[in-house]
Amino acid sequence: PDSSRKRAGKRATAMMAGSLLRRCCPSLFLLLAACIGSTFCVQESAESERELLVAVKQRNEHLLAPLLASLSTPASATYGQHLSLPALCELIAPHPDHLAAVAAWAEAHGATQVRHSACGEFVTVRIASSRIPEAMRGTPSLECSAEGCDRAAAVPPALAHAADFVEGLGGLRRGAPRDAPGGKGRRGGGGARRSYSPGERRRQRANDRRLASRPSGAAKKGPWYPDCLALSAVPSCLKRLHNVTARASAGGKASQGVALFGPQYYSPSDLSAFQKAYNVTPNVVRDLNGNKPASPGTEATLDVEYITGIGAGVETWYMHWACTTNDCKPFLTWMLQVANMSHPPAVQSVSVGTTEYEYVTEMGAKHVARMNAEFAKAGVRGISLVFASGDRASQVYDGKFWVNFPSGSPHVTAVGGVWLGVLGNGPLVADPDTTGGFSNCEAHARMAYQDAAVERYLSEAAEEGAAQPKAFNASNRGVPDLVSMSDAYVIVQRGAET
């Protein structure tokens, strides 16, 4: 009992000191938070614990979208004048009262560890699993036990005024498990199993009865493409397709990275063999959060080899997070770590996502809105986030067409896929499997830069007699923004080309 009281006293004293430091010396507190994560208590409990992430309400969040548009528009007077991390913190740092409310909530429920992000807008709290039900008591439509709650994110009444949500609550499940980010499952299914052999996949799509009555596109003259695409989309061919005539960087400050989740690793020896085989200038690749070269995954191998193949000579980051489900906060964990970096990669490519409908219903509207704000914060710092639009076409839920998330966010760049139609002999047309269309999430409004392209698209569709079903919502964000080849890639994996 005495030792328990001593631990509780030390914990309370440390958390009070942190609270006082935030109130009297915010600049010093911000510096400490950025350097050491402001760990107030690191006493571990023998009891099972859960790590919760509290998204504290940010000041001036409504200014982020227009600021990003201004900094990203070439005609704007502020074009390219991106914010430093300290400047961003000054803009969005939470109100001290909100931070104090989170600290009091954490202390009241016996937190054993409390850490703050660089700007203080996220607070990581470790508490005993048995105290989760009490900590979340009174939260509408939320059931909790020591094993977790039936939603991954929610906000208790005690924090409703101070936080957008508390994430990391998951454990219990309503119904069947969700797909992990990047998962290939599709509710409703249908059609033949997809093959990743380009020739076989084209034959399957040509034989798909759902497409048999649709125009093949052969009568149309598609965009120009180099003849080499009929064989494979290797770096030299992709450079011709996209008119890349020089090295992407000549030793400047440019940097790029790929974000991978789950068991997706790459092999440096495979990368070296790929670069040698296709005359690619070697890149310095930095590993963030570790790598397992002996277990290279197809997704990671493809991402690393081709971002270095096109961005030749540019410093490249392989950024890996082991989690793959909403329980371990895959997208938010990634964005939080990037937000704490003074000099993160300027271009970050992510080839995974999940169905927008499932993400909205699982995580809630507040979580989606906050994720959009995090993407906008990256943008105002000059970080370009590039997402695959998806490989499951559009999905239908509740009588509406939906795209993917995060590619459906208005503050990222979504990249779709094209391929050579008519069994690989051309023209260059949209890949039938690529995800495209319009978001049906209220938070994903269309940005002004898309207006002209969307109106042209709708006009051309109307001229061809295409009808707009009720499930089709053209008023929101359109996906994708850009396209590139979606198949016929060659990679080196485990020492062999595939």
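Which residues in α13 are buried? Glu 356, Tyr 357, Glu 358, Tyr 359, Glu 362 and Met 363 are.

1. **What we are looking at.** This is a predicted model, and its chain holds 16 helices and 23 strands. Of the 498 residues, 48% count as buried. Among contacts between residues at least 6 apart in sequence, 77% join residues at least 24 apart. The chain exposes about 23500 Å², with carbon and sulfur atoms supplying 55% of that area.

2. The mean pLDDT of the chain is 82, and 78% of its residues reach 70 or more. Among the elements of the chain, helix α5 (residues 96-108) has the highest mean pLDDT, 98, while helix α2 (residues 26-36) has the lowest, 37. Residues 1-45 stay under 50 throughout, although the model gives this stretch 63 contacts beyond four places in sequence. Residues 209-219 are also below 50, and that stretch has eight contacts beyond near neighbours in sequence.

3. **The antiparallel sheet.** Five strands form an open sheet in the order β2-β3-β1-β7-β6, with antiparallel pairing. Its edge strands are β2 (113-116) and β6 (153-154), each of which pairs on one side only. Two bridges connect β6 with β7 (residues 163-167), and these two strands run antiparallel. Within that pair, Ala 153 has Glu 167 of β7 as its bridge partner. Helix α14 (residues 365-380) packs on the sheet and touches β1 (49-56), β3 (122-128), β6 and β7. The direction of α14 makes about 100° with that of β7.

4. **A residue to look at in that sheet.** Is Phe 122 buried or exposed? Phe 122, which lies in β3, has 2% relative accessibility and therefore counts as buried, the cut-off being under 20%.

5. **Strand β8 and its partners.** All seven residues of β8 (residues 255-261) are buried. Ser 255, Gly 257, Ala 259 and Phe 261 point one way from the strand, whereas Gln 256, Val 258 and Leu 260 point the other way. Which strands does β8 pair with? Seven bridges join β8 to β10, and the two run parallel; Ser 255 has Glu 315 as its bridge partner in β10, and Leu 260 stands opposite His 320. Strand β8 also pairs in the parallel sense with β11 (residues 347-350), over four bridges. There, the bridge partner of Val 258 is Ser 349 of β11.

6. Why is β10 (residues 315-321) described as largely enclosed by the rest of the structure? Because six of its seven residues are buried. Besides the pairing with β8, β10 pairs with β9 (residues 285-288) in the parallel sense over four bridges. In this pairing Leu 288 stands opposite Met 319 of β10.

7. The buried set includes Tyr 357 and Tyr 359 along with Glu 356, Glu 358 and Glu 362. Just after the helix, Gly 364 takes a positive phi of about 95°.

8. **A loop serine.** Ser 232 sits in the loop between α8 (209-212) and α9 (235-241). At 17% relative accessibility Ser 232 counts as buried, because the cut-off is under 20%. Beyond neighbours within four places in sequence, Ser 232 is in contact with Cys 237, Ala 488 and Val 490.

Key
Residues numbered from 1 in each chain as written. Predicted model: local features only at pLDDT ≥ 70, side-chain atom pairs only at ≥ 80, totals over all residues. Heavy atoms only, no water. Buried < 20%, exposed > 50% of the residue type's maximum accessible area, 1.4 Å probe, protein only. Contact = heavy atoms within 4.5 Å. Areas by Shrake-Rupley, 256 points an atom, 1.4 Å probe, with all protein chains shown as cover. Pairing = 2+ DSSP bridges. pLDDT = per-residue confidence, 0-100. Axes fitted to C-alpha atoms, helices over the stretch in contact; angles between N-to-C directions.
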